[in-house]
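Please keep the sequence and the model in view while reading.

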Amino acid sequence: MIIGKLKYEEDILEGLLRVAKENEIKEGAVFLIGAVKEAVIGYYNQEEKKYSHINLPYPMEIVSGIGNISLKDGDVFVHIHISLSDDKGDVKGGHLMVGTRVFACEYIILPSAGLNLKRAYDNKTGLFLFKD
Ligand code: ZN
């Protein structure tokens with residue numbers, strides 16, 4: 001298990017990728033809590049098979065971040081879903097996108113070497129899902 005914090009103002013996805021590479025993690029589970037200065041989350045339109053971006057350009061709490069690390073086309077790939085609360089306690093959430101900057105972010109990574117988690121394109125969903 002690896003526990004640590006991302007850097008102030010670091011992009012969460014880029015920071016987790018950095019940590020995974022520094023620790024030679026190619027697969028595993030990820031958990032996050034903390035706060036962000038701003039965020040971009042995605043919503044996957046199932047009919048159009050593409051993500052729309054939702055910009056949240058204000059500070060929020062990370063109520064919960066959960067996801068995984070796997071290999072996509074041979075590269076380490078970080079997939080996170082996140083719930084964020086504003087100053088009223090209202091929560092928004094979705095697929096974490098690049099553009100989400102850390103105020104404070106603590107992570108737990110549970111490496112799972114040996115599962116051989118690889119992604120492949122899935123025709124039905126248009127997503128890169130775990131290979132069967
Ligand atoms: Zn997702």
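## Two loops with positive phi

Glu24 is found in the loop between α1 and β2. Helices and strands here are DSSP runs (H or I, at least four residues, for helices; E, at least two, for strands), numbered from the N terminus. The phi of Glu24 is positive, near 55°, although the residue is not glycine. Glu24 is exposed, with a relative accessible area of 71%. On this scale, buried means under 20% relative accessible area, exposed means over 50%, and partly exposed lies in between, with a 1.4 Å probe and protein chains only.

Glu9 sits in the loop between β1 and α1. Its phi is near 70°, again a positive value in a residue other than glycine. Glu9 counts as partly exposed, at 35% relative accessibility. For background, most residues other than glycine have a negative phi.

## Basis of the model

This is a predicted model, in which local features need pLDDT of at least 70 and side-chain atom pairs count only at pLDDT 80 or more, while totals for chains, interfaces and linings use all residues. Residues are numbered from 1 along each chain as its sequence is written, and side-chain values use heavy atoms, with hydrogens and water left out.

His81 in strand β5 (residues 75–85) and His95 in strand β6 (residues 91–96) link distant parts of the chain, 14 residues apart. His81 is partly exposed, with a relative accessible area of 40%, whereas His95 is buried, at 14%.

## Helix α1 and the core

The largest nonpolar core has 28 residues, and Ile12, Leu16 and Leu84 have the most contacts inside it. Such a core is a set of buried Ala, Val, Leu, Ile, Met, Phe, Trp, Tyr and Cys residues joined through side-chain atoms within 4.5 Å. The elements that give two or more residues to this core are α1 (12–22), β2 (28–45), β4 (60–72), β5 and β7 (101–111). Leaving out residues up to four places away in sequence, Leu16 touches Leu6, Val30, Leu32, Val78, Ile80 and Tyr107, where contact means heavy atoms within 4.5 Å.

The buried residues in α1 are Ile12, Leu13, Gly15, Leu16, Val19 and Ala20. Seen down the axis of α1, they fall within an arc of 160°, so they line one face of the helix; the arc is that of the directions from the helix axis to the C-beta atoms. These buried residues pack against β2, β4, β5, β6 and β7. On the face turned away from the buried side are the exposed residues Lys21 and Glu22. At the start of α1, a side-chain oxygen of Asp11 comes within 3.1 Å of the backbone nitrogen of Leu13.

## Strand β1

Strand β1 (residues 2–5) has a covered face, made of Ile2 and Gly4, and an uncovered one, made of Ile3 and Lys5. In a regular strand the side chains alternate between the two faces of the sheet. β1 and β7 run antiparallel and are joined by four bridges; two strands pair if DSSP finds at least two bridges between them. The bridge partner of Gly4 in β7 is Tyr107.

Ser70 lies in strand β4. Is Ser70 buried or exposed? Ser70 counts as buried, at 0% relative accessibility. Its side chain makes a polar contact with the side chain of Arg119 (2.8 Å). A polar contact is a pair of N or O atoms within 3.5 Å; within protein, one must be able to donate a hydrogen and the other to accept it, and residues adjacent in sequence count only if both atoms are side-chain atoms.

Tyr44, in strand β2, is buried, with a relative accessible area of 14%. The side chain of Tyr44 reaches the backbone oxygen of Thr125 at 2.5 Å. The C-alpha atoms of Tyr44 and Thr125 are separated by 9.9 Å, with the residues 81 apart along the chain.
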